[in-house]
Amino acid sequence: MTRLSGAKFLPTLDPRGLAIYALDLMVVGVAYFGVAYISLMVASIHSGTLPIWAPAGVGFAAIISRGIRVWPAIFAAAYAAGVPTDLADASAADSTMMSLAVAAGSTLTPVVGGYLLNVWSGGRNTFDAPAGVAKFVLVVLATTMISATAGVGGLSVAGYLEWNDVVGAWTTWWLRDAAGALVVAPFVVLWALGDVRPFKLNKVFASAAALVAAAVVGVIAFSPLIEQTAYRSALAFLAVLPLVWAALRCGPRATATAALILSGFAAWGVLVGRGPFAATAFNESFLLFVMFTIGVSVPSLAVSADLAVRRRLESKLRQQEQILRAMFSQAIVGIAQLDTAGRFNLVNSRFCEIVGRPAPQLLQTRIEDIAVPEDAPYLRDLLRQAIQTGEGFAIEIRHVLPDGSRLWLRNNVSAITDQSGTVRHLMAVLEDVTARRKAEEGLQRAHDDLQKATQERAVRLTKATELLHTEVEQRKRVEAALQHDIAERRKAQEALMESEWRFRMVIQGVTDYAIFMLDKDGLITNWNLGAQRIHQYTATEIVGEHFGRFYSDEEQQRGEPARALQVAAYEGKCVVEGWRVRRDKSLFWASVVIEAVRDEVGTLAGFVKITHDITERREAQASLERAQEQLAQSQKMEALGQLTGSIAHDFNNLLMIVSGHAQLLRRRLTDPKHLQAIDAVHSAANRGESLTRQLLAFSRRQPLNPVVTDLKERVEAVHEMLVGSLRGNVQLKCDIATDVWPVEVDIAELELALVNVAVNARDAMPGGGFITLSARNVTLKKSDGVDQLEGDFVALAMTDTGVGIAPDVLPRIFEPFFTTKALGKGTGLGLAQVYGFSHQSGGTVVATSAVGSGTTITIYLPRRHAALVKAVEAPPTQPIVAGQGTVLVVEDNAEVADVTASLIEQLGYRTLRAQDATDALNRLQRGDKIDLVLSDVVMPGGMNGIALAQEISNHYPQIPVLLTSGYSDVVQSAQSQFAILRKPFQLPVLEKSVREALERGAARDGGDRVLQFARWRGSTTRD
């Protein structure tokens, strides 16, 4: 990033520096004044307002190329050009003030813009990259407001402009200056600061063609020289052609020039009121012209800059590659790079000299293929061990040269691993040790020959005598055996011919398998009907051709057909599965067996190739595996949901006891230390309540209050809260379409889910990054594989640029209590809540990630066609007022009953207690004075709290009932009939609920007295 120091604002004090500075001021001033004077003169000739103010671009170009120190020249030229000469009734003071205001605005705009570009996008290098072009556009649009404000303000204060016309004049001035800066500044800067490259005739012709094409398009489509017709308006799209040509073939300078030419012709047409932008109102023509100017200059400059960056990077990479290749090829030792299959990927010239083979032949060969057959298995085992362990080895083995001779070579093999420690390549360094090994072998052979000669001489004398006696008998036996063998051979030959005829008939009748013969070179010698059906070739078309045409082009280049024949020849059989190509270029998955055929003496005669099309079986197996994996994951998540839901129910009762006693003690203690301790206990209970809520959300047993809402409005409302949950180095971007469908969700649970996903994304970016929150309308099918969902949904996605999630961790991220964070850094319930909320809302949640490429978590919510429900602001909290009356507390848990009764007594009410519904009804039958029944939902016995409320409503309608519960399946089934006060509750909420129940009970003469109040869904921090 370029920073501006004081030395850049003032010239050096030496004469040469002062002369250069004076020359800069003179050139900038004359250029600015000349362009401004010509622009004003053109406007006066046509009696109109210029749609583009070119001096604004000259000012920006001067500041970018020569620095902020040339601002006096811009100010003086702007002042000189702005002095009015046609205002006869203007006073000298008004004229001077107006000119000063215009000059100040015209100077301050490029000064501020130039400073921002120097700080933000590298100043002179602004147009070298697309990001710099985008920043230049933003700076121009922002800073030209300064000149518009100064100019319009000067005209208004001087009395030349009515205040009612200020907004329109300011907008025109701003857009005119912005258009001039966007078109003229890139042209001047790129031509003034561009390097002088060697003369290339093709570049000159390409640039000339682009500029001539721009001029021709400008004359045809925009100039007033040609009469405007409906068909001519469509010719404006031809402006894209010279811009694209200039960006792709010429460079930024030619692109900026072409944009300037097109904008000039368009401005000419607007000024005289003709051309495709002509309209009845000048403002409409002006707005169309400005949009065209921005659309012409900005995208073309960005594309040209991006291509220039790519060309520079490609040139640098080519230079580095040439250096590395020169070092590799000129090494004095044999060096080769192998892949994990032992195949050569790269060899230098010295390696080729040692093994006596050219590089193209080696690149189609494995290292064990050039070793003698006896040493190849041992070498293959060492290579496999090196790939598994990552440790190199050194071995001396024999290699076969093309002429059949053998060399002893020392192979020093090293494993090359990637960042994860996985071996990707092997590097082999070769050394010829044939001379040393030959010397050692010669000494050993001499010793062995001496011993063997002594032993053989004694044995030979003994055998010679025995052979003389047995030779006569042996000759007789040989003659008899020869006669019998000739007869047997004739019978065998006849049987073989008959067997071969039957075999051919059987092979030709097989249609499910392609069975044919290959010679030693891989040429097809016969063809059966199955081969014709599978490969789609007739026998006349394919016999005599190489079987490699059934492989893909990539496999043919890798030498797979030759390798298959080598394996079959060496091992006797080659069995593989892979893609094969039919005559119509379609692919099928084949099971291929190539078996070597040898004659009686073991000489290779050819090969038998059997191919079976197993595409359907492979696809069926893949579909079955995907279905089994989805079923197992669903069953696991459902089991976890059942377990967590049961735990949450009992945990809420415990939290009720802790929270209630903490509230009671808080009202009685005065010691600050004691109060601090009680607050800590209360805070811990609240955190426990939050964890319970997340558990219930995951198990899909959390009571919801769904409303039809607009996702765009909800995201905008929660935007500040999401930003507050992130760090300063993490930026949040919202991209919610205005036409996104309404959804029916619990707003509080939706906000909690967004916060949980945002916090996880934040933690995945320790070094900062970007989070994008987007929403789009999608129509899902079961074949899409999104949890078997079907219909219209809204996909609410949050994407981060973090470290990503490993493939083995990704399937477990929605499990409760599962976390990859350090101990004490996370509960593992955030994404579990997201999972439960999405499924309970009728949708699902899907996570996609790649290590190092970030993560996207998408919540699918079903579309709702009902009317939107506007959020209602909660009424202000009323102070707690001491109550009167008697409250019957029905609770089977004695500890929960004690704390509930104590809280009610703190509110000023008297309390009675009942252990179950039967006890409560007995008290009512005895006629006890009871003003309100506060009952738990889940109780032992045959009657729960909901049944008790219905019984009291039928027989004692004058007594209101208020129900409480931590959680229950029964509560969910009764939500449509009764409202539930959730445990653990806070004292203000309890006071409000009891007071409203008593007030409604007193106001109604009869009917159902069960309290119907808004469900409280927050924790203590929302009271």
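This is a predicted model: local features need pLDDT of at least 70, side-chain atom pairs count only at pLDDT 80 or more; totals for chains, interfaces and linings use all residues.
Residues are numbered from 1 along each chain as its sequence is written, and side-chain values use heavy atoms, with hydrogens and water left out.

**Overview.** I found 29 helices and 21 strands in the protein, taking helices (H or I, at least four residues) and strands (E, at least two) as DSSP runs numbered from the N terminus. Of the 1023 residues, 43% are buried.

**Cores.** I looked up the largest nonpolar core, which has 42 residues, and the members touching the most others are Leu-722, Leu-754, Ile-771, Leu-773, Leu-796 and Ile-813. Helix 23 (residues 747–763) gives the largest share of this core, eight residues. A second, separate core has 29 residues, including Val-102, Val-166, Val-183 and Val-217. I then followed Leu-796, which, leaving aside residues up to four places away in sequence, touches Leu-711, Ile-736, Leu-750 and Leu-754, among others; contact here means heavy atoms within 4.5 Å.

**Helix pair.** I turned to helix 23 and helix 24 (residues 830–840), which pack at an angle of about 140° with their axes 9 Å apart. Axes are lines fitted to C-alpha atoms, for helices over the stretch in contact, and angles run from 0 to 180 degrees between N-to-C directions. Angles under 35 degrees count as roughly parallel, over 145 as roughly antiparallel, 65 to 115 as roughly perpendicular and the rest as oblique, and helix 23 and helix 24 are therefore oblique to each other. Among the residues that meet are Leu-750 and Ala-753 in helix 23, and Leu-831 and Phe-837 in helix 24.

I traced an open sheet of five strands in the order 18-17-19-20-21, with parallel pairing; two strands pair if DSSP finds at least two bridges between them. Strand 18 (910–914) and strand 21 (980–982) stand at the edges with a single partner strand each, so one side of each has no neighbour in the sheet. Strand 17 (residues 886–890) pairs with strand 18 over five bridges, and the bridge partner of Val-887 in strand 18 is Thr-911. Helix 26 (residues 917–926) lies across strand 17 and strand 18, running at about 125° to strand 18.

Methods. A nonpolar core is a set of buried Ala, Val, Leu, Ile, Met, Phe, Trp, Tyr and Cys residues joined through side-chain atoms within 4.5 Å. Buried means under 20% relative accessible area, exposed over 50%, partly exposed in between (1.4 Å probe, protein chains only).
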